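Q: Hi, could you walk me through this one? I'd like to go place by place.

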Amino acid sequence: MSSRLAPARRRQAVVLGALVVAALVALVAWVGLRAVLGGPSVDQGTPGPVVAVTGYGGRVAALDPLVQRLRDQGRDVVVLQPAGGGTGDLRDEAARLATLVEETRERTGAASVDLVGYSAGGVVVRLYVRDGSGADVVRRVVTLGSPHHHGTDVAELAVEAAGTCPTACEQLVPDSDLLRELNAGDETPEGPQWATVRSDADRVVTPTGSAALEGARNVLVQDLCPGAEVQHDDLPADTRVGRVLDGALGAGPVVAPEPGC
């Protein structure tokens, strides 16, 4: 049939056919690469170890109730030990988180990990997933009272009072360069499934909506228990927050718990 086409039409058909073949080859190569790297193909039904990241100031003990709850359920849990008192560059903490994740996977033989970020730790987790290799090896992400959008007025007040504050503090000032860059584009990159927890009684991360992410399962504590006075420091130990973790870190889909105090 091609012999009946004019020479120009035959050349056009040959070029079009070559482009189609090249596109198919590229697609097959990409699918194979994703199968090797992980990413969206991470097995969502197989929970691995949990890596937790604490907030500004690096008070690891604040996560003790959360860590104990998960260990009582048989989960392997490690906490990122903050460098420099937990007030340094959050990007550096994200790089350290990447190292800990790989060490944890090597130690346990797990294909993936789940991440829990409390307060500024949630920002560290997002930096790792977006800019590091996290999208390829993280199954679930849960952030608790994290200043994703607006930052925190506490950091702004610190700068106004002293003229400056530690690097992480400046990065959490409302409309900081880091927060603008982090929130540009997809807030929940493909790979892990995402959940956030926030409380209307939080006086550190305000407004409350700053702790939610587009594309995540966003849970407000007061939707579970109206009138609950769960402040920022209370989040890791609160039983309602624990129920959110149960619904987010299990083998099934990420779900919000039923209301109840």
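**A chat about contacts and links**

A: Let's start with Ser 112, which sits in the loop between helix H3 (90-108) and S3. Helices (H or I, at least four residues) and strands (E, at least two) are DSSP runs, numbered from the N terminus. This is a predicted model, where local features need pLDDT of at least 70, side-chain atom pairs count only at pLDDT 80 or more, and totals for chains, interfaces and linings use all residues. Residues are numbered from 1 along each chain as its sequence is written, and side-chain values use heavy atoms, with hydrogens and water left out.

Q: Thanks! Is Ser 112 buried or exposed?
A: Ser 112 is buried, at a relative accessible area of 4%. The word buried stands for under 20% relative accessible area, exposed for over 50%, and partly exposed for in between (1.4 Å probe, protein chains only).

Q: And what is Ser 112 in contact with, leaving aside its neighbours within four places in sequence?
A: Ser 112 is in contact with Val 42, Thr 46, Gly 48, Pro 49, Arg 105, Val 137 and Arg 139. Contact means heavy atoms within 4.5 Å. Take Gly 48: it is 64 residues from Ser 112 along the chain, yet their C-alpha atoms are separated by 5.8 Å.

Q: Switching to charges: how many salt bridges are there?
A: A search of the whole structure gives eleven salt bridges. A salt bridge here is a side-chain nitrogen of Lys or Arg within 4 Å of a carboxyl oxygen of Asp or Glu.

Q: Nice. Which residue does Asp 114 pair with?
A: Asp 114 forms a salt bridge with Arg 75, and their closest N and O atoms are 2.7 Å apart. This pair links distant parts of the chain, 39 residues apart: Asp 114 is in strand S3 (residues 113-118), while Arg 75 is in the loop between helix H2 (64-72) and strand S2 (77-79).

Q: Are those two buried or exposed?
A: Asp 114 and Arg 75 are both buried. They also belong to a network of salt bridges that links Arg 75, Asp 114 and Arg 139.

Q: What about Arg 180, which residue forms a salt bridge with it?
A: That is Asp 175, with the closest N and O atoms 3.5 Å apart. Arg 180 is partly exposed, with a relative accessible area of 41%, and Asp 175 is exposed at 52%.

Q: And Arg 130, what does it pair with?
A: Arg 130 forms a salt bridge with Asp 131, the closest N and O atoms being 2.7 Å apart. Arg 130 counts as partly exposed because its relative accessibility is 31%.

Q: Okay, cysteines next. How many disulfides does the count come to?
A: The count comes to two disulfides, taking a disulfide as a pair of cysteine sulfur atoms within 2.5 Å. Cys 165 is joined to Cys 169, S to S 2.1 Å. Their link is left-handed, with -95° about the S-S bond, and both Cys 165 and Cys 169 are buried.

Q: What does Cys 225 join to?
A: A disulfide joins Cys 225 to Cys 261, S to S 1.9 Å. Cys 225 lies in the loop between helix H9 (221-224) and helix H10 (239-249) and Cys 261 in the segment after H10, so this pair ties together parts that are 36 residues apart in sequence. The torsion about their S-S bond is about 105°, so this disulfide is right-handed.

Q: Buried or exposed for Cys 225 and Cys 261?
A: Cys 225 counts as buried at 5% relative accessibility, whereas Cys 261 counts as exposed at 67%.

Q: You mentioned H10. At what angle do H2 and H10 pack?
A: H2 and H10 pack at an angle of about 45°, their axes 11 Å apart. Axes are lines fitted to C-alpha atoms, for helices over the stretch in contact, and angles run from 0 to 180 degrees between N-to-C directions.

Q: Which residues meet there?
A: From H2, Leu 66, Arg 69 and Leu 70 meet Thr 239, Gly 242, Arg 243, Leu 245, Asp 246 and Leu 249 in H10.

Q: Last one: where is Leu 213?
A: Leu 213 is in the loop between strand S5 (193-198) and strand S6 (217-220), and it is buried, with a relative accessible area of 2%.
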